[in-house]
Structure formats: structure tokens, C-alpha cells
Amino acid sequence: MLALNQSLLSPDVARKWMLLGLAVAVLGVSFLALAIGGVDISLERLVTILFSSQTNSLEQAVIWQIRLPRLVLALVVGAGLGACGAAMQAIFRNPLADPGLIGISSGAALGAISTIVLGSTLLSDFSAYYGIYAVPIGAFLGCLAICSIIYRLSSQGNRFTIVSLLLAGIAVNAIVGAVIGILTLISSDEQLRDLTFWSMGSLAGNSFMMMLPSLVLMLACCIGFSRLAQPLNLYLLGEQQAKHLGVNVVSLKKQVFVFTALCTGAAVALTGIIGFVGFIVPHIVRLLIGPDHRYLLPASMLGGAILLCLADLMARTLILPSELPIGLITSALGGPFFLIMLLKTYRIKEL
Amino acid sequence: MKVQIRHLFTIAVLLLTSMQSVKADPAPQRVVVAGGSITEIIYALGEQQRIAGVDSTSIFPLAATKKPQIGYVRKINVEGVLSLNPDLLLGEADTGPEKVVKQLQQTGLNSHIFSDNDNLAGVEEKIAKVAELLGVSEKGQTLIETIQADRQALSHVLKQVEHQPKVLFVLSLRGGQPIVAGKGTSADEVITAAGGINIAANHFNNWKPLSTEAAIAMNPDVIISMGRHGEDSTPDLSQVPHFQFSNAVKNDQVIVLDGVYLLSMSPRTPQAVVELATLLHPEAQLPSGYGFRFASSSKASESL
């Protein structure tokens with residue numbers, strides 16, 4: 001399923017144009033996201049507000065403090081999730097793989113839910129001390145903890161095979177699921193509602209101050225992924241073949257694991273669980289331009305940014321003055337589109 | 001003649017605009033509310049024309065649900081609220097997410113988020129605060145005085161009470177398992193205030209699903225269930241094995257009450273507690289001259 005010459009657009013030139021097109025689309029979507037929202041701001045006003053630093057109006061606050069941080073977060077999280085998905089699918093050599101397999105979603109959920117439920121009782125002053133940072137910190141720590149447990153379990157004796165990783169992931173995810181169930185049971189009504197909304201994802205309410213550490217981490221991981229494109233291409237030929245071609249396979253797998261854990265962890269900590277982006281975007285991109293990671297990785301980042309940005313735009317405008325959870329939109333938007341793409345490729349292959 | 005009419009019209013318009021500018025006071029005119037009990041208070045004060053938007057827990061009176069919806073109280077969104085062009089945000093203690101509330105305050109929007117969770121004792125205080133924020137303190141005082149009648153009626157009823165029935169409050173039957181009010185819930189507070197014993201409070205905190213055998217062992221004298229907007233769930237409750245053999249079902253003491261009426265900690269709640277007390281203690285007499293003034297279900301809300 002992941003053969004190297006399998007795509008709708010094959011020649012290199014076409015792929016480069018594709019990347020350029022995606023980059024332009026990102027710019028267009030960003031502009032839309034800044035222009036549209038609950039508070040009406042005309043296009044001229046938007047341009048004036050963006051390029052001059054006077055006036056202390058409500059409109060300026062809306063653009064600079066509300067829409068811009070949200071847009072940046074959507075772009076970076078989308079890019080990060082897209083890249084992680086692409087790399088995970090390459091490492092597992094299976095298009096069904098996603099970052100959840102190595103315990104990220106369940107670990108983050110465990111951390112966030114523990115903070116929500118126990119943050120002011122068992123963990124004494126954790127919630128009070130960190131305030132609005134408590135849940136993101138909890139989620140990130142939980143994610144790192146569970147990922148490192150899975151890493152330890154699957155890398156005994158420096159072997160770190162994909163099968164052991166998969167099995168450890170499944171087992172630990174099941175255990176974490178049970179613990180989350182217990183926490184849900186002892187939570188109060190309000191806590192229950194908090195954690196329900198957390199697990200549906202949202203980009204709302206983050207300021208640049210709050211986002212900065214996560215943004216740096218995610219961008220660093222994206223750069224890290226980009227540098228792995230060539231080894232990943234060789235890895236697709238098979239583990240033995242890659243070894244003979246001079247790729248340090250174990251180190252490659254470890255790097256992908258660490259980057260994915262850090263990047264998705266940083267994203268999930270801020271936004272809650274936004275499923276589907278990391279799974280669907282690399283798929284669509286692969287159908288379009290094939291599995292060459294030199295193009296696949298950047299295209300997945302751009303595609304993820306576009307998908308998440310559009311989804312967030314819809315989430316915050318469709319049922320104004322209220323807001324939809326973004327997880328619902330990514331699935332509702334990505335699912336049908338993905339199916340259409342899939343059917344199309346099958347038809348082409350049959351010809 | 002035509003010219004004169006035009007002049008008259010101009011003068012009238014000028015007068016109207018000038019009157020408006022004289023009348024304009026600092027009291028907020030476009031209020032966004034997050035929290036059902038605050039909405040209810042504003043309606044009871046007769047200031048509903050100032051509500052620019054409400055959250056999804058504001059379901060009483062029915063007219064409030066026609067106002068623009070800002071979503072669930074724990075999940076409001078910045079631009080949605082701002083798009084209603086509000087000059088005041090009033091919120092329950094659980095208004096959130098916290099970071100969204102912070103962002104809203106940073107844009108310079110006036111806001112008041114109540115710091116304590118609702119309880120029965122705080123109803124008057126809350127009414128006074130809301131009335132003060134809206135600049136109608138006298139109206140608030142009047143409303144508080146009408147509630148005193150409920151407080152007096154309640155103590156009148158409780159004075160005649162000797163026996164305290166064992167009560168169980170059932171929120172819902174989810175998948176055949178009743179969700180029950182334990183210690184620290186609003187239902188627990190209301191039952192205790194009405195002179196009953198919440199037997200579940202001895203066993204757990206908050207709302208919990210109840211096991212069949214624990215329910216049988218508890219053997220409640222009275223079961224209160226939430227009628228969701230007049231829907232009667234009584235037949236269900238007396239059918240489940242949990243309660244089939246309880247005193248409550250045997251003596252036909254399964255009471256259905258509107259949840260918002262009883263638990264919202266709004267101006268109607270003191271009356272609802274009186275009503276509950278008369279149901280728990282049918283032998284007790286209400287003071288002469290006392291009558292129920294508020295509608296007891298969400299359906300009949302127009303009478304407020």
C-alpha cells in the first residue's frame with residue numbers, strides 16, 4: 001500500500017507545484033480566518049489593524065488577542081499533527097497507524113482528567129497554583145509519562161521492534177482506559193462536563209503567552225521530522241534493506257517516536273484531543289503526490305494546517321454566538337473528503 | 001401645511017433623541033447571561049428586555065430560550081459573546097472555560113462572575129447583587145421581600161413536623177440504572193431544607209449511579225424524580241428492581257417534580273422547597289394566606 005511510485009500526480013515538477021499551491025492555500029485560509037468571525041470587521045479595517053499599531057479599539061483586541069493567536073495555534077497544531085501522522089504511518093509501514101498507538105491521546109487524557117478531577121484534592125494545590133495552566137501541564141506530563149512507559153516496555157535489550165511497540169501500546173492504552181474510567185466515576189458533575197469538553201477538543205482561549213512553549217516545541221519537532229525524510233524513504237523498502245543502505249533503523253524509529261510524543265503532546269495539552277487530522281491528512285496527501293517523504297512531510301504539514309484552520313473557522317462561526325467542538329468538524333469534514341479520494345484512486349487503478 | 005408637518009416631525013425626532021440622551025444612564029442595557037438562575041432572576045425583576053444573549057442552561061421562563069444562544073455555560077466562546085455587543089457579562093461560578101473568561105475581560109468587557117456555587121441560603125444575596133448590577137436595587141428588594149413569605153411558610157410547616165421521611169432523589173434512569181443525589185448536591189440541600197433525610201447522603205458524595213442491592217437496602221419512603229418538562233417518568237421508576245419493593249412504591253410516594261423549578265436556586269426555589277415540604281409532610285398545614293405564586297414547571301412558564 002505504500003509503494004514509492006503510486007500517486008495521482010507523479011512527476012517531480014507536479015509535486016513541487018502542488019507544494020506551492022498548498023502554501024498559497026494556507027495563506028488564503030489564514031486571511032479568511034482573520035477576516036471572518038462573530039465580531040464584524042471589514043476587510044479595510046482588517047488591513048489597517050494588521051499594519052498599524054495605533055488605536056486601542058475592541059476590533060484591535062479581537063484581531064490581535066483573539067483571532068491571531070487562535071489562527072497561529074490552528075496552523076502549527078495542524079502542521080504538527082499532519083507531520084506526526086505521516087511519520088507514524090511510515091514507521092509502522094501501515095497507513096492505519098496514528099499517534100494514538102504510542103499512547104499519546106490516552107496519556108494526555110489521563111493527565112488532563114487527573115488534573116481536573118484530583119487537581120484540587122489529592123494533588124493538593126496543583127490546580128490552584130498553576131491556574132489556567134494546570135490542565136495543559138497535566139496533559140503534557142501525562143502524555144510524556146505514558147509514552148515513556150510504552151517506550152521502556154517495547155525497547156528491551158535495545159531491540160525496539162514495531163511489533164513490541166504496537167503490543168505495549170495496546171496493553172498500556174487499555175490500562176490507562178480503565179484508570180480514566182475510575183477517575184470518571186469519582187468525578188463530580190462539573191468535572192465530568194469539563195472532561196467531556198476537553199476530549200472533544202477546542203482551540204479557544206489561548207494567548208500567545210500561554211502558547212509559546214508549545215509552539216516552540218511543535219516547530220522544533222516539525223523541523224526534526226523534515227530532516228528524517230530521506231531515511232524514512234529508505235525505511236519503506238524494508239528494515240533489512242534500509243540497514244544495508246546505511247540507515248540506523250533503531251535510531252530512526254526512536255527519533256520518530258520522540259518527535260511524535262513531544263509534538264502531539266504539546267498540541268494536545270493546549271487543545272484537547274483533536275482526532276483524525278493526523279490520520280487523514282497524510283492519507284490524502286499520499287494519494288495526491290505519492291509516499292516520497294521529501295514531499296509527503298511538508299505537504300502533510302501544509303495540509304494539516306489548512307484542514308485545522310478551516311475546521312476551526314467553521315467551529316467558531318457555524319452556530320454563532322455559540323461554538324462547536326472542533327473534533328466533530330474535523331471528522332465531518334475530513335471523512336467524506338477522504339472517502340471520495342479513496343474511491344477515485346481505486347477507479348484509476350482499475351483502468 | 002406640508003412644511004409645517006415636516007417641521008413638527010423634525011422637532012419630534014429631535015425631542016425624542018434628546019430625551020433618550022438624557023435618559024441614558026450608566027446601567028448596562030445589553031447583558032449576556034451565563035447561568036439559568038441569573039436569567040431567571042432578571043426575568044423575575046422584569047428586566048428581561050436587557051438580556052442580549054443567554055446560555056443553554058437558561059431554560060426558564062420559556063421565552064428566555066428564544067434569546068440568542070451563547071452555548072453551554074462551561075463552554076462559552078469569546079467572539080460569540082462579543083458579537084452580541086454586550087456591555088455586561090453576568091456569569092455563574094462555573095462559567096468557563098476560565099481562559100475564555102479571561103480573554104473576554106481583557107477586551108475590556110464589564111463582567112461579574114459569581115464566586116460561590118449556588119445554595120439555598122444565598123438566593124436573596126444573589127438577587128440583590130444582580131439587581132444592583134442592573135441598577136434596579138429597589139426592584140430587587142421587592143423581590144426579596146416576596147421570598148420571605150416562602151421562608152416563613154417553610155418554617156411554619158417544619159414546626160409541625162415530627163417524623164422525617166427517608167428520601168431518595170433520582171436524576172435519571174440511565175440504561176436502567178438510577179443516578180442518585182448524594183451528599184453535597186443541590187438536591188441534598190433542598191431535601192434537607194424541606195425536612196427530609198437524604199438517605200443516599202450517608203453513602204456517597206455527588207451524583208452517582210446506584211446499585212440494585214444498595215437501593216433495596218436503603219428502602220426509601222419517598223422517591224423524588226425529575227419530570228423533564230412535564231414528562232412523567234414514574235412508571236419507569238416503580239418498574240425497576242431497585243425500587244419495586246420499596247416503601248415509596250408500595251405507598252405510591254414517587255413524586256415527580258420539575259428539576260429546574262426545584263434545583264436552580266433561583267427566586268422560585270424557596271417556593272419549590274415549601275411545596276416539597278408539603279409533599280413530604282402531608283399532615284402539616286400551610287400558613288393561612290400563603291399561596292404558590294410561581295409556575296412549578298418549565299412548560300407553564302408564561303405565568304411568571
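Me: How much space lies in the largest cavity?
Reply: This is a predicted model, where local features need pLDDT of at least 70, side-chain atom pairs count only at pLDDT 80 or more, and totals for chains, interfaces and linings use all residues; side-chain values use heavy atoms, with hydrogens and water left out. Residues are numbered from 1 along each chain as its sequence is written, chains are lettered from A, and ligands are numbered from 1 in the order in which they are written. A cavity is a set of points, on a 1 Å grid over the protein atoms alone, where a 1.4 Å probe fits but cannot get out. Its volume is the space filled by probe spheres set on the points, which are joined across faces, edges and corners, and for the largest cavity that is about 50 Å³.

Me: Which elements give two or more residues to the lining of the largest cavity?
Reply: Lining residues have an atom within 4 Å of a point. Here they are A:I66, A:R70, A:R316, B:N77, B:V78, B:E79 and B:Q103. Helices are DSSP runs of H or I with at least four residues, strands are runs of E with at least two, and both are numbered from the N terminus. The elements are helix 3 (58-91) of chain A and helix 3 of chain B.

Me: What area do chain B and chain A bury between them?
Reply: Contact means heavy atoms within 4.5 Å, and 28 residues of chain B are in contact with 30 residues of chain A. Buried area is the accessible area (1.4 Å probe) that two parts lose on being put together, summed over both. Carbon and sulfur atoms carry 58% of it, and the value is about 2,500 Å².

Me: Which residues of chain B lose the most area to chain A?
Reply: Three residues together make up 28% of what the chain B side buries. They are B:K75, B:E79 and B:K99.

Me: Which residue forms a salt bridge with B:R74?
Reply: A salt bridge puts a side-chain nitrogen of Lys or Arg within 4 Å of a carboxyl oxygen of Asp or Glu. The count between chain B and chain A is three. For B:R74, the closest N and O atoms are 2.8 Å apart, and the partner is A:D194.

Me: Which element gives the largest share of the lining of the second largest pocket?
Reply: A pocket is an open set of points with protein on both sides within 12 Å along at least five of seven lines. Of its 38 lining residues, the closest to its centre are A:V135, A:D194, B:R74, B:P97 and B:E98. The largest share, six residues, comes from helix 4 of chain B.

Me: Which peptide bond is cis?
Reply: Most peptide bonds are trans. B:P61 lies in the loop between strand 2 (51-54) and helix 3 of chain B. With omega near -10°, the cis bond runs from B:F60 to B:P61.

Me: What is phi of B:D252 near?
Reply: B:D252 is found in the loop between helix 10 (247-250) and strand 10 (254-258) of chain B. Most residues other than glycine have a negative phi. B:D252 has a positive value, near 60°.
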